[in-house]
Amino acid sequence: GSRPLAVAVLDLDHFKLVNDRFGHAAGDEVLREAAARLSSSLRSGDILCRYGGEELAVLMPDTGLEGADRAAERFRLALSSEPVAWKGEPIAVTTSVGYCAVVPEEGERLADYLGRADQALYRAKDSGRNRSVAWSPA
C-alpha cells in the first residue's frame, strides 16, 4: 500500500509589518534566515520549498500524524526561538503552521494535501498565530 505523507504550510506572522517598518531588504533577510532555520530542523528526506510570498511548504515522506505534530512544533520553535538581527535591530519572527498527514489514495494530488494544510494554516492564524494546527474535516 501507500506510505504516509505529511505536508505542512508555514506563514511568517505579520510579515508585511517587517517590510513596512524595516524595508524589503530586511524582509528578504528574515525570509532567508527563516528558510535556514527550517532547513536545519528538517530530517533527511524532508523537502522545503517556497510556496508563495512569505509562505513555505515542507513535504515529509513516511510521516504520520504524530510525526507531523512534532515536526510542526519543531518548525514553529525554530523560527520563534530568537529574533533575526537586522542592522543591529532584533526582528521577532513567529510563524503559523498548518499541516495534514495522509496515506495517499489513487487519484489524489499533492495540490489536495497542500489545500488541506492551507485550511489548517488559516485556522492557526484565526486562533491567534504563532501556533501549529492539524487539518481536520470542517
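## Ala25 and its helix

Ala25 lies in helix H2; helices (H or I, at least four residues) and strands (E, at least two) are DSSP runs, numbered from the N terminus. The model is predicted, so local features need pLDDT of at least 70 and side-chain atom pairs count only at pLDDT 80 or more, while totals for chains, interfaces and linings use all residues. Residues are numbered from 1 along each chain as its sequence is written, and side-chain values use heavy atoms, with hydrogens and water left out.

With 45% relative accessibility, Ala25 counts as partly exposed (buried means under 20% relative accessible area, exposed over 50%, partly exposed in between; 1.4 Å probe, protein chains only).

## Packing of H1 against H2

Two packed helices are described by the angle between their axes and the distance between the axes. For helix H1 (residues 15-22) and helix H2 (residues 24-40), the axes come within 6 Å and cross at roughly 140°. Axes are lines fitted to C-alpha atoms, for helices over the stretch in contact, and angles run from 0 to 180 degrees between N-to-C directions. H1 is therefore oblique to H2; angles under 35 degrees count as roughly parallel, over 145 as roughly antiparallel, 65 to 115 as roughly perpendicular and the rest as oblique.

H1 contributes Phe15, Val18, Asn19 and Phe22 to the contact, and H2 contributes His24, Ala26, Gly27, Val30 and Leu31 (contact means heavy atoms within 4.5 Å). These residues divide into six nonpolar, three polar and no charged; Ala, Val, Leu, Ile, Met, Phe, Trp, Tyr, Cys and Pro count as nonpolar, Asp, Glu, Lys and Arg as charged, and the others, Gly among them, as polar.

## The five-stranded sheet

Five strands form an open sheet with mixed pairing, in the order S2-S3-S1-S6-S7; two strands pair if DSSP finds at least two bridges between them. Strands S2 (47-50) and S7 (132-134) stand at the edges, each with a single partner strand, so one side of each is left without a neighbour in the sheet. On average, neighbouring strands of this sheet are turned by 20° against each other, direction ignored.

S2 and strand S3 (residues 55-61) run antiparallel and are joined by four bridges. Cys49 has Ala57 as its bridge partner in S3.

Thr63 lies in the loop between S3 and helix H3 (65-80) and, at 2% relative accessibility, counts as buried. The side chain of Thr63 makes a polar contact with that of Arg43 (2.7 Å) and reaches the backbone oxygen of Met60 at 3.2 Å. A polar contact is a pair of N or O atoms within 3.5 Å; within protein, one must be able to donate a hydrogen and the other to accept it, and residues adjacent in sequence count only if both atoms are side-chain atoms.
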